[in-house]
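Student: I would like to go through one part of this model step by step, beginning with a helix pair and ending with a sheet.

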Amino acid sequence: MASLDDLLHAAVQGVGGVERPGQVEMAHAVEDAVAADEHLLVQAGTGTGKSLAYLIPAVMHAQKTGKPAVVATATLALQAQIVDRDMPRLAESIAPLLGKRPTYGLVKGRRNYLCAHKLEGGFPDDEDGLFEVGEVDRAASRLGQEVVRLREWAETTESGDRDELVPGVSERAWRQVSVSAHECMGSKCPAFADCFVERSREAAKDCDVIVTNHSFMAIDSFEGRQMLPEHDLLVVDEAHELVDRVTSTITDEITPSMVAAAAKRAARIAESTDAVDDASVFLQGVLDELPEGKLNGIPDALSLALARVRDTTRQVQSELKPEKGVEPDGTRKVAQAAIDEMFENSSRVLEQRDLDVVWVSRDQRRGSVLRVAPMSVAMLLRDKVFGDRTVVMTSATLELGGTFDAVAGTMGLRGEGAPQWRGLDVGSPFDYPQQAIAYVAQHLPAPGRDGLSEQTLDEIEALVRAAGGRTLGLFSSMRAAKEATEAMRERFDGDIGFLCQGEDQITTLVRQFARDPRTCLFGTLTLWQGVDVPGSACQLVIIDRIPFPRPDDPLSSARSQAIARMGGNGFMAVSATHAALRLSQGAGRLIRRADDRGVVAFLDSRMMTARYAGFLQRSLPPFWPTTDRERVLAALKRLDETAAPPMEVHEPALRGITGALVGTTMGGTGEDAAAEHPRPVADAPPPAESARTAVTAGHAWTAESDEELRDGVELGLSVDELAESLELPADVVAARLKGLGLEATGAATLAFE
């Protein structure tokens, strides 16, 4: 087999990039970790090219052992980048060296796919059933229109993957055409042969690299369902998100309406559902009397109400069991799933497990909600994720305050009995002090609880005006994001557009923002991570306040109290660490390429004055710091005046059953591949456009190839010399130079001074 360096070099050339020292160092560290069966934590800054750095060793390991490597990400955007962009080009580039083409697939949870049986009416008694909704007047019902559209899409899609549907549909509409794992009839389903999920998972068994998400990986690890093929190498990208995603996956909830809905689903089959209905009413009365927040123990009244839910649903469970030898139909499976969930969740709360935290919250739509989640998943991760395979954790933010210890501790990698691991920071290729300013608006009043102050709104307006739009606003709450959006829309009166999270799907909003430089996008946590808008569309990131967890957040307060009881500093270990991670992720939205320039504006003076300010500052990229408002406004104006056109924005790609791009071969070469995958096969799959890929004169330009252009311009190369160096036609190179605002006689540079 070819060496790692040979394969990496070929892959980098294939994507039109340049090798970076950090990328090479990381690739060798991953290879060494696999060889030594040792876990690895790698911090790799934006622009390192960490995907290739772990995908190449993963492919090598898979082809050597015959077992797939699993890559788990937190965001859909990164999954799409790997499957639509990185793996197709990587596979094409290294196939000649390997002698065969690397294969790959995408695997998700069942709810992400169309259910063929449900589309055919296999669940006729489901609430808001498909036929009942689909037959309504299209003009009178948005839901009806969405379901009709879903049925039409189902006739053309090869993957059945919800992410392929653009624009998307509401969650209520999607429920009409999908099922949960508990509702699925499995191999007994009449439509099993046409099941999108089963076909994708079967195809994944023969892949070298399987891409999935944190939650799916966690369920596979914790519950032993064997949804993923056997593997001994797991790569967790966006690893800073793992603990929160795993915690969310194993958080359970129960509401009176959920209990009542379960009773309704079972009513046509079971006779004891009236008792479940009564239990829901009793639970409603008890929950509504409890204050919001963490429960220190289970009150007697709540214990009695939950016991009634548990006992009545247990009775209905018995009635729902089909007769021996009779397979349950769709209606029965849906009822069983709903009743089982209420039985299991009420039982869990009543068990009062050692690490479980129970709390009550109020939801505008659902009313009182009782939730239960583990205070820590460290031991669970240690045993189930790190136990019997090599795990590589990577992210741009794993070191907080200059050390891996905080993140490693939450993953179960510290303390007695912890497995061996190594931490490595391969740095970033970007010149942060020259590319970006970190501005703290020290003159503003400290953030309060009464929303954004008038002075803060004035500051946002001044910054946005100077930037000419081009602003990503990251807010600590949805209330603040909406307040800022409404205020700016009124103040700018259409001169600059403002989008707010919640007004459409995140992916749709981000594409709108990336296309139009005179547009701003405001939102909360979802935008703090994973949003990748390189180029001139985003030259200002505003962060309204330090993103501490809420003081009344049940899990954070429970963790802080537990650490304090052991003699530790609960605030620094939990709240400050949480804030540092979010700030680092938020600030990281600004600089995505070597030629990006801009400002991150912190509208919270505590970033300079608080005793923990140094810890937070050390967790940020090393931007050039200032509190000089006038200098910042002047820099933003110059950036706006000299900005190149925004980069082209891709639309979601069509995927085949494995999750790969339609039109690309997944395995083998030549005729073998075509026979194995009877769909259109491209001789050389073109790189899918992404938020980091622009197409000019028919050629796809990546961030890496654009950087090569800039380097050549700085060296004084002519267009013809650049074309020869890049092995491209001179007119293609000239067109891209024009698009970037560059001239082949020298380089245009921007200083902040």
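Student: Which residues of H23 meet H24, and which residues of H24 do they meet?

Tutor: This is a predicted model, and contact here means heavy atoms within 4.5 Å. On the H23 side the contact is made by Ser556, Arg559, Ser560 and Ile563, and on the H24 side they meet Gly570, Ala573 and Val574.

Student: How do the residues of that contact divide into nonpolar, polar and charged?

Tutor: Gly counts as polar in this scheme. With that convention, the residues where H23 touches H24 divide into 3 nonpolar, 3 polar and 1 charged.

Student: Is H23 roughly parallel or roughly antiparallel to H24?

Tutor: Helix H23 (residues 554–565) packs with helix H24 (residues 570–587) at an angle of about 155°, and their axes are 8 Å apart. Because angles over 145 degrees count as roughly antiparallel, that angle makes H23, relative to H24, roughly antiparallel.

Student: Across which strands does H24 lie, and at about what angle does it run to S16?

Tutor: The strands that H24 lies across are S13, strand S16 (540–543) and strand S17 (598–602). Relative to S16, the helix H24 runs at about 160°.

Student: Which strands are the edge strands of the open sheet?

Tutor: The open sheet is formed by 7 strands with parallel pairing, in the order S14-S15-S13-S16-S17-S12-S18. An edge strand pairs on one side only, and this holds for strand S14 (497–500) and strand S18 (624–626). The edge strands are therefore S14 and S18.

Conventions. Residues are numbered from 1 along each chain as its sequence is written. This is a predicted model: local features need pLDDT of at least 70, side-chain atom pairs count only at pLDDT 80 or more; totals for chains, interfaces and linings use all residues. Side-chain values use heavy atoms; hydrogens and water are left out. Axes are lines fitted to C-alpha atoms, for helices over the stretch in contact, and angles run from 0 to 180 degrees between N-to-C directions. Helices (H or I, at least four residues) and strands (E, at least two) are DSSP runs, numbered from the N terminus. Angles under 35 degrees count as roughly parallel, over 145 as roughly antiparallel, 65 to 115 as roughly perpendicular and the rest as oblique. Two strands pair if DSSP finds at least two bridges between them.
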